[in-house]
Amino acid sequence: MTSTFQPAGRIAGLGVSEILAITARASALKREGHPVIILGTGEPDFDTPDHIKDAAIAAIRRGETKYTNLDGSPEMKRAIRDKFARENGLSFAQNEVTAGAGAKQMLYNAMMASLNDGDEVIIPTPCWTSYFDIVQIAGGVPVAVPCPGEAGFRVSAAALEAAITPRTKWLLLNSPSNPTGAAYGEEHYRPLLEVLHRHPHVWLMVDDMYEHILYDDFRFVTPLALDPSLKNRCLTINGVSKAYAMTGWRLGYAGGPAELIAGMAVVQSQSTSCPCSVTQAAAIAALDGPQGFLKDRRASFSRRRDLVVDALNRIDGLTCRRPEGAFYTYASCEGMLGRVTPHGKVLQDDRDFCAWLLEAANVAVVPGSAFGLSPFFRISYATSEAELTEAMARITTACAQLQEPVHPHLPLHAASGADRVVLLCAANGDRIYLAGLVRGGTRADAVYGGFRGRNLPRWRDIYRKGAVGGVHGPWFWLLHQDALHHPAAGDAPDDPADRQSDDPSAEEHFASVGRSGARHHVCGRGSDHVHLSPAGSVYLCRAALSCDPDAGNAAGEPL
């Protein structure tokens, strides 16, 4: 028998939110005197409106400091029902709405009340970090469905259909989204609702927390308003934290089938009991009171969004989609992977990149890995424009300090020794480096790159004269000097197989063709066999990369 604490199995693999951990570390640095700007917390910098605070003070003075009904006072439930009817066109009875200590408790209560061990919850990713952990604590299995930036960070009907199994209990949607700011309009929801009609055992849970923070005339809609026939298997969740700047007041609410609401009340009765009576008075004032200030706050958030997005897109190596709502950007740092800090550290993933920003710029942001999709990073622009301007300037400076590796700091060997091209490669753990030197006349250009991944044996090399190739993070790249080599049309591969993958699962997403001086470069991402149809004189070909120090090959021939 030991006195050492052993965590329960249900939480053994879980931890405190990475967002909170990053914020705590940044706050500690700030207390030590470092000029840290924290862009990690999803909390508006606005104050709670005075009429809401006044309502809470008045409730205290009236003595409304006792227990209320378990899942909300009658007046609280009335305000929730009125809000749903007025703003969303949804009609709920008194026993079909509930209130608790934040929207997170609504999610937790619903999962605890509905999931049996092994039940699956489909969660489009990237997503708020708590979704996965709440499902797991409740005994469920979170099923991540990746939603790439190219798809607007939205789940498609085909991806949803493919994820559904007989064990699927819930589809969980969040619009506008934390962390991406992506929002679903009617045209995005309709195909998903059609899928749900084909699978009547799947329930729909909707997190509408950022409903009032939308830009550019994007019209908010909640799924149940589009298809009332789903009312018997849809839970709509909302709260007062974000729109009304009431994060510390802790009041969330939900509307759904009476049986589910009753089950959620059972869970709440054995955990927190009723929400704070004073908070309920404040929330009633928020929902019932004037809403005009929301427009001014949206306008402020919109300016901040544009400030951040425009600044990030001016930085070489970063790309940022302009979000439709919430107060987050979710920028890709893929172009930064493989770059080297002045101290010689190679940035291998988005966590490394975010750590570098904290170290070099005193700016705290959250890596995309915390939200289930890398390599990205989230910025919360719920802070002043002055602070955001300073943060963007610091990030720009920190990124400018990063360099492509001058050499991989490893013993290299020549894989090719032709007059035009020298290819060098070396391996170090799970990272492989490729360096190339183009020679011609009095000019010489060196290019370097690195690749880190699980499928190193699948790597393919470049074997055309006049081109050198490598990789940058998960990106394959080529460089060709116009002044050095102009192959005739006959130099192109005659065999169509040289231009097509014999592996139908291989990715062939060639993203960009750019020109810099006399250089042309072509970038693409792929797996296994990677090919590129003729683009000038640059090709990706099916030649296996050799990292054997004793290997040597003539340029222009497959390794």
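1. Ser 273 lies in the loop that connects helix H10 (258-269) with H11. In this predicted model, the residue has a positive phi of about 65° although it is not a glycine. Its relative accessibility is 27%, so Ser 273 counts as partly exposed, given that this class begins where the buried class, under 20%, ends.

2. H11 is mostly covered, with 11 of its 12 residues buried. The buried positions are Ser 277, Val 278, Thr 279, Gln 280, Ala 281, Ala 282, Ala 283, Ile 284, Ala 285, Ala 286 and Leu 287. The cover over these buried residues includes helix H3 (50-61), helix H4 (74-88) and strand S8 (252-255). In an α-helix there are 3.6 residues a turn, so residues three or four places apart point the same way.

3. A positive phi also occurs at Phe 153, where the angle is near 60° in a residue other than glycine. Phe 153 is placed in the loop between strand S4 (141-146) and helix H7 (157-163). With a relative accessible area of 7%, Phe 153 is buried, because the cut-off for that class is under 20%. Ser 273, by contrast, is partly exposed.

4. Two cis peptide bonds to proline deserve attention. The bond from Thr 125 to Pro 126 is cis, with omega near 10°; Pro 126 belongs to the loop between strand S3 (120-125) and helix H6 (130-137). Ser 374 and Pro 375 are likewise joined by a cis peptide bond, with omega about -5°. The loop that holds Pro 375 runs between strand S12 (366-367) and strand S13 (376-380).

5. Thr 329 is part of strand S10 (residues 328-332). Its relative accessible area is 0%, so the residue is buried. Leaving aside residues up to four places away in sequence, Thr 329 touches Pro 179, Val 308, Val 309, Leu 312 and Cys 320, as well as Phe 377, Arg 378, Ile 379 and Tyr 381.

Terms used:
Residues are numbered from 1 along each chain as its sequence is written. This is a predicted model: local features need pLDDT of at least 70, side-chain atom pairs count only at pLDDT 80 or more; totals for chains, interfaces and linings use all residues. Side-chain values use heavy atoms; hydrogens and water are left out. Buried means under 20% relative accessible area, exposed over 50%, partly exposed in between (1.4 Å probe, protein chains only). Helices (H or I, at least four residues) and strands (E, at least two) are DSSP runs, numbered from the N terminus. Contact means heavy atoms within 4.5 Å.
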